Amino acid sequence: METTHQHQKITVPVSGLSCAACAVSVESMLNQTAGVTTASVNYANQSVLIDFDPDTTTLAALDEVLQGIGYGLIIEEDEEAGLAEQEALQKKQYQALKNKTIWAGILSVPVVLIGMVFMDLPFGNYIMMGLSLLVLSVFGRSFFIHAAQQARHRKANMDTLVAISTGIAFLFSTFNTFFPEFWYAKGLEPHVYFEAAAVIIFFILLGKLLEESAKSNTSQALKKLIGLQPKTVRVIKEGVESEIPIKEIQKHDEVIIKAGERIPVDGIVLSGSSFVDESLMTGEPLPAEKKSGDRVFAGTINQKGSFNFQAEKIGKHTVLAQIIKTVQAAQGSKAPVQRLVDKIAGIFVPVVMGIAVLTFVAWLILGGENALTHALLASVSVLVIACPCALGLATPTAIMVGVGKGAEHNILIRDADSLENTYKVNSIVLDKTGTLTEGKPVVTDWIWEDNVSEADQYLRAIKALEARSEHPLAQAIVDHIPQTTPVGVASFESITGSGIRGQIDGAIYTIGTAALLEKEGITISEKLQQQGLLLQQETKTVIAIGYQKRAIALVAIADQLKATSTQAVAELKKLGLEVYMLTGDNPQTAAAVAQQVGISHFEAEVKPDDKMQFVKKLQSQGKIVAMVGDGINDSQALAQADVSIAMGRGSDIAMDVAKLTLITSDLMVVPKAIQLSKQTVRTIRQNLFWAFIYNLIGIPIAAGVLYPINGFLLDPMIAGAAMALSSVSVVTNSLRLKGMKI
């Protein structure tokens, strides 16, 4: 929940949504309520995002408003409890729907057999009427109740179409059963359509059952994420070890983790050591070593060791909780195309009812001797075949699967807009440090003078001196030298901008630039000088190490390219993108890195504001720009870009600004994100195409447009089956996204 300027913004599960038009009804009802600024319903995940003024209205009052039209809000203090209640309710409703479908099917079979095969069975019409009445009044009862609730508020939805069509078919058939002489007097046969009424209810219940089953699969990724957090945790309080529910854990509690357990909250290791599988957070396949002072994260899995850690971030503040919140918000958000579809769904049902009335009148006027029968059949078929659900499900199901698949591939997508816009990108700007490179200096070369012996002794001394230095490159040398026996440092001096000098075991060590060593009268051999020049040409930082009055070694340090950077750039180019690199580094280093990864457009010595201006310049040329960065210095450019992508190990500010966050430092995930966007948008377009085509073709055929040509008039039972199939096909097409390779 988010609170801003006296307003609350909260996502609440909704009960009772049975079609896309229902979602529009809930949305319009809430938006008309005093105190609500905006309400946006997501039919696919059965939730509503409400921005309201708590001084004017409450969630309980909004729930009461919705109860009046047959819906409700699931209100819980704890968001997870609300989701659990919604899931339990959905399971219960699914089971009830399954039972209704089975019984409606069982009772419909004899009705169809009597109506189609055993037409001369004595009292056949009365048997069909009794069985159909059971199907409509017991198993199809909810359609009539919801339609009545909608009508009271001058609204209409899918239930309205089903209730009117089956109700008319049943009443017409009942009249013909009790008063057949009315038609005999006119020389006409009194046809009954009990089988149509019963089978329509069965097919629509079956369609809803299949749709619910498929829809539950679209949110599996979110359920997996929620399931990563353990329900209980072992803590030590006042020296006593106890197991408590995860909700009761407090900040600074000492938590015990044993081999194979999931870490429940974020924290810092106090004692013990182990390796932890952090692939969820970093995408790295190898477990990370954890010892005293290291951070651990909720949802990650401890390996063989055990340790105690102090809880630092709990509940909704953990990194895992933030990931879940992002995925949830993105799955519930609406893509731009969905807003247009919602408007169409809002007027769809009234328009269809109008078409059904026109169909009825047209058949009465032009239908000849069987005019009334044909008018009734055609208008019922129009009401039954029309499917706003296929339209309503086309976008949100694809978005839910796309966002979920992104989360499984270490891509966190902020909202549907971002997912839909990413496929349009034709230019991508990459920051160098931390994006293309590791963002951390490491020793790449260590060259000893030819006649150096006892290297271990020198290494111990170098490590001891560099450990005292505050220069960022010093840590790279310390990390590079293996653990050695500590030695005592007699004196230490830092020479600003040049290096360090120190005394160990009576010998003077000088470590720094070649100029510093020459100034100190230390001889650097021809071999080392030549090697130093070659390393500098590779844009590496070269450090000379002097022992007494001679240089004994050269060390080259560089910010290395990530293993996958070159391949990632090639993949981006393969997708048809122009690739640019920006860096604050010097032109020589920038040119070397650009050449290594295969980027021809780059700029060096760029300040944060320059990065933003560069993005603006590309946009002014009509390009759709994606910016990939990881630092605070990238945040302005990220905010300016059409699509902003933050690397997962970057700064919080970069991630706050970005529309997509990669939960890994692997640049190969960027082309995957673009590929995922293309696949999702393609799926949305396919869904919308088939949903529109289905209705554009289905409704005229149901109205009888083919009858004058070939005598074909659609049976209402077939119309019901087609309607059920259209919704299921849209959801199934969205689920295909899961199996696509990115």
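Analyst: This is a predicted model, and the structure holds 13 aromatic pairs.

User: By what is a pair of aromatic rings described?

Analyst: Two values are used: the distance of the centres and the angle of the planes. In this structure, the ring centres of W446 and W448 are 5.8 Å apart, and their planes stand at 40°.

User: Are W446 and W448 buried or partly exposed?

Analyst: W446 has a relative accessible area of 18% and is buried. W448, at 24% relative accessibility, counts as partly exposed. The two fall into separate classes because buried means under 20%.

User: At what distance and angle do the rings of W448 and Y458 lie?

Analyst: Their centres are 6.4 Å apart with the planes at 35°, so this pair is tilted. W448 belongs to strand β16 (residues 437-448), whereas Y458 belongs to helix α17 (residues 455-466). The pair therefore ties together parts that are ten residues apart in sequence. Y458 is buried, with a relative accessible area of 8%.

User: Which residues form one aromatic cluster?

Analyst: The cluster consists of W446, W448, Y458, Y509 and Y547.

User: What share of the chain's residues counts as buried?

Analyst: Of its 742 residues, 50% count as buried. The chain contains 28 helices and 26 strands. Among contacts between residues at least 6 apart in sequence, 69% join residues at least 24 apart.

Conventions:
Residues numbered from 1 in each chain as written. Predicted model: local features only at pLDDT ≥ 70, side-chain atom pairs only at ≥ 80, totals over all residues. Heavy atoms only, no water. Helix = DSSP H or I, 4+ residues; strand = E, 2+ residues; numbered from the N terminus. Buried < 20%, exposed > 50% of the residue type's maximum accessible area, 1.4 Å probe, protein only. Contact = heavy atoms within 4.5 Å. Phe/Tyr/Trp six-rings, centres within 6.5 Å; stacked < 30°, edge-to-face > 60°.
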